[in-house]
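Trainee: Could you take me through one part of this structure closely, strand by strand and residue by residue? I would like to know what surrounds it.

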Amino acid sequence: MNYKTRKRYRGEPICADPTADPRENETALHFTAGDRRLWISSYEPVIVAGLLARPDFQVGHLVFMCSSDLECVVGVVGKLPVGALSLGRARKSDSHELVVQSKSRLPVGQRENSGDKRATSRKKPPKKAHGSHVQKQNRRAGRTRPR
């Protein structure tokens, strides 16, 4: 087996490295308090596929396993918005494929612009006037009751 790295994903198949112990197929997250994006590396095929399916995932590099008849992605390192994580919410399943959700599995309100806090935050509507300015205008005009 031969390995190489590239910076672009071009639709190659994703597979597990048959020469590695399954316990070596790990996923790691790295970020600090002020980071808006986290570094993630994974050698678990279902996580690799989920990351590559996300448009907000930036590939740092891909690890390819090359043999005479097959070239496939066995690992990835890249950046993901910290907002893409949902730590602290319990799931009913311990399945690893649910760790990184693709856009199709996200709730409808999170599919567009996920990871961009500014795009998903909702602005408060402007406050309505309490009518005090209308009462002042009426008094100035000599009216006793508002219209």
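Mentor: Happy to. Let us begin with a term: a residue is buried when its relative accessible area is under 20%, exposed when over 50%, and partly exposed in between, using a 1.4 Å probe and protein chains only. Strands here are DSSP runs of E with at least two residues, helices are runs of H or I with at least four, and both are numbered from the N terminus. With that in hand, look at strand E5, which is mostly covered: nine of its 11 residues are buried.

Some ground rules before we go on. This is a predicted model, in which local features need pLDDT of at least 70 and side-chain atom pairs count only at pLDDT 80 or more, while totals for chains, interfaces and linings use all residues. Residues are numbered from 1 along each chain as its sequence is written, and side-chain values use heavy atoms, with hydrogens and water left out.

Now the setting of E5. Five strands make an open sheet, ordered E1-E4-E5-E3-E2, with antiparallel pairing; two strands count as paired if DSSP finds at least two bridges between them. At the edges sit strand E1 (2–6) and strand E2 (27–30), each pairing on one side only. On average, neighbouring strands of this sheet are turned by 15° against each other, direction ignored. Such angles run from 0 to 180 degrees between N-to-C directions, with axes as lines fitted to C-alpha atoms, for helices over the stretch in contact.

On one side, E5 (residues 71–81) is joined to E4 (residues 58–66) by eight antiparallel bridges. The two form a hairpin with four residues between them. Within this pair, His 61 stands opposite Val 77 of E5, and Gln 58 is opposite Lys 79. E5 also pairs with E3, again antiparallel, over six bridges. There, Val 77 is the bridge partner of Ser 41.

Helix H1 (residues 45–53) lies across E2, strand E3 (37–42), E4 and E5, and runs at about 55° to E5.

From E3, pick out Ser 42. Ser 42 is buried, with a relative accessible area of 0%. Contact means heavy atoms within 4.5 Å. Setting aside neighbours within four places in sequence, Ser 42 is in contact with Glu 26, Thr 27, Ile 47, Val 48, Val 74, Gly 75 and Val 76. The side chains of Ser 42 and Thr 27 are also joined by a polar contact of 2.7 Å. A polar contact is a pair of N or O atoms within 3.5 Å; within protein, one must be able to donate a hydrogen and the other to accept it, and residues adjacent in sequence count only if both atoms are side-chain atoms.

Finally, the cysteines. A disulfide is taken as a pair of cysteine sulfur atoms within 2.5 Å, and the structure holds one. Cys 15 and Cys 72 form the disulfide, with sulfur atoms 1.8 Å apart. Cys 15 is in the loop between E1 and E2 and Cys 72 in strand E5, so the pair ties together parts that are 57 residues apart in sequence. Cys 72 is buried at 0% relative accessibility, and Cys 15 is buried at 18%. What about Cys 66? Its closest cysteine sulfur, in Cys 72, is 8.3 Å away, too far for a bond. Cys 66 counts as buried too, at 12% relative accessibility.
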